[in-house]
Amino acid sequence: MKRRTLGRKLVVSAQGLGCMGMSEFYGEADERESIAVIHRALELGVDFLDTADMYGPFTNETLVGKAIRDRRDRVVVATKFGNERRPDGSWVGINGRPEYVRSCCDASLERLGVDHIDLYYQHRVDPSVPIEETVGAMADLVEAGKVRYLGMSEAAPTTIRRAHAVHPISALQTEYSLWTRDVESEILATVRELGIGFVAYSPLGRGFLTGSFRTADDLADNDYRRMSPRFQGENLQANLTIVDRVKEIALSKGVTPAQLALAWVMAQGDDIVPIPGTKRLTYLEQNIAAADLELTSEELARIDEAAPPGVAAGTRYPEFAMQTVDR
């Protein structure tokens with residue numbers, strides 16, 4: 001597995017592993033298989049694991065902690081705070097208060113069973129708290145040795161600049177894929193100017209770009225993607241044309257649509273690290289193989305033509321969730 005650098009110093013595998021779906025949101029969970037997936041990822045050179053306190057809620061960090069307990073020195077652990085939920089899963093809101101930052105970090109350290117977090121993100125920006133106060137509290141965690149590097153997620157350019165002025169931000173994590181290319185307009189230029197790495201979550205469009213789904217009925221009843229505007233009605237039908245175009249190009253190259261989509265994200269810059277999520281060994285190994293897939297300039301041009309910016313129908317989150325991004 002090749003390596004990439006986030007920010008100035010944080011070196012990680014060129015592809016990471018998103019662990020969210022192992023505990024929630026994407027149908028039934030299987031802890032034993034999920035831990036096997038994490039172990040196999042490490043064997044294949046993927047050392048960058050992504051979790052958050054809200055996943056589960058709280059149980060995903062515990063799962064990751066179990067998986068890495070006897071191999072901590074081989075793992076770069078990234079987790080997040082800011083999306084506040086109760087133990088029963090109900091939603092509280094976005095919280096960026098300094099005292100909350102500190103308490104969340106201590107709780108995450110305990111659940112993960114580690115003495116430090118390698119990359120600590122603010123999951124969503126709290127508009128009621130000046131970003132300088134939130135990042136100031138995060139910087140205190142670095143000073144205390146509880147956190148090594150800081151990150152942000154779904155932040156706007158102005159917010160990123162203000163945060164970076166308080167303490168170096170090593171990574172911005174935001175959705176980026178063939179059907180979500182919004183970051184190309186301003187975000188990528190901003191983080192590159194500041195020397196911040198970019199972590200692409202949902203690089204497979206929440207699994208849609210794999211070509212596995214044709215109707216909403218292909219998703220489990222408790223799969224949150226059923227709420228996504230892009231997976232519904234006319235939007236779904238329009239978006240299937242994107243998948244079909246990607247499939248056609250993938251077939252001509254002898255790879256899967258998922259591999260093509262991942263290779264495209266990785267080809268957008270050496271400062272970009274995608275973190276596809278999976279809880280299945282087969283999909284994990286297919287995803288990792290995409291790290292060695294080279295795309296020619298002609299193939300990249302074909303892909304851009306098939307999935308240009310703004311091509312996807314529907315917003316990427318329901319309306320209430322869209323209000324929490326790009327702040």
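Helices (H or I, at least four residues) and strands (E, at least two) are DSSP runs, numbered from the N terminus. The model is predicted, and residues are numbered from 1 along each chain as its sequence is written. Local features need pLDDT of at least 70 and side-chain atom pairs count only at pLDDT 80 or more, while totals for chains, interfaces and linings use all residues; side-chain values use heavy atoms, with hydrogens and water left out.

W91 is placed in strand β7 (residues 91-94). Its relative accessibility is 45%, so W91 counts as partly exposed; by the rule used here, buried means under 20% relative accessible area, exposed over 50%, and partly exposed in between (1.4 Å probe, protein chains only). Contact means heavy atoms within 4.5 Å. Leaving aside neighbours within four places in sequence, W91 is in contact with N83, E84, R85 and R86. W179 is 88 residues from W91 along the chain, and their C-alpha atoms are separated by 28 Å.

Helix α4 covers residues 131-143. The expected span of a helix is 1.5 Å times one less than its number of residues. For the 13 residues of α4 this gives 18 Å, which agrees with the 18 Å between its end C-alpha atoms. The buried residues in α4 are I131, T134, V135, A137, M138, A139 and L141. An α-helix has 3.6 residues a turn, so residues three or four places apart point the same way. The cover over the buried residues of α4 includes the strands β5 (76-81), β8 (117-122) and β9 (147-153), together with the helices α3 (98-112) and α5 (157-166). Just after α4, G145 has a positive phi of about 85°.

Helix α3 also packs against α2. Their axes are 7 Å apart and meet at an angle of about 45°; axes are lines fitted to C-alpha atoms, for helices over the stretch in contact, and angles run from 0 to 180 degrees between N-to-C directions. The two helices are therefore oblique to each other, given that angles under 35 degrees count as roughly parallel, over 145 as roughly antiparallel, 65 to 115 as roughly perpendicular and the rest as oblique. On the α2 side the contact involves E61, T62, V64 and G65, and on the α3 side S108, R111 and L112.

Two of these residues form a salt bridge, defined as a side-chain nitrogen of Lys or Arg within 4 Å of a carboxyl oxygen of Asp or Glu. The closest N and O atoms of R111 and E61 are 2.7 Å apart. R111 lies in α3 and E61 in α2 (residues 59-68), so the pair ties together parts that are 50 residues apart in sequence. Both R111 and E61 are buried.

The count by this rule is 27 salt bridges. Another of them joins R316 to E175, with 2.9 Å between the closest N and O atoms. R316 is in the loop between α10 (297-306) and α11 (319-322) and E175 is in strand β10 (residues 169-175), so this pair ties together parts that are 141 residues apart in sequence. R316 and E175 are both buried, and they belong to a network of salt bridges that also links E154 and R206.

E175 is in turn touched by S202, which also touches Y176 and S177, not counting residues up to four places away in sequence. S202 is found in the loop between β11 and α7 and, at 15% relative accessibility, counts as buried. Its phi is near 50°, a positive value in a residue other than glycine. F25, in the loop between β3 (17-18) and α1 (31-43), likewise is not a glycine and has a positive phi, of about 80°. Most residues other than glycine have a negative phi, and most peptide bonds are trans. A cis peptide bond joins G56 and P57, with omega about -5°.

A nonpolar core is a set of buried Ala, Val, Leu, Ile, Met, Phe, Trp, Tyr and Cys residues joined through side-chain atoms within 4.5 Å. The largest has 82 residues, of which L17, I38, L172, Y176 and F198 touch the most other members. A second, separate core of 17 residues includes V12, L119, V199 and I275.
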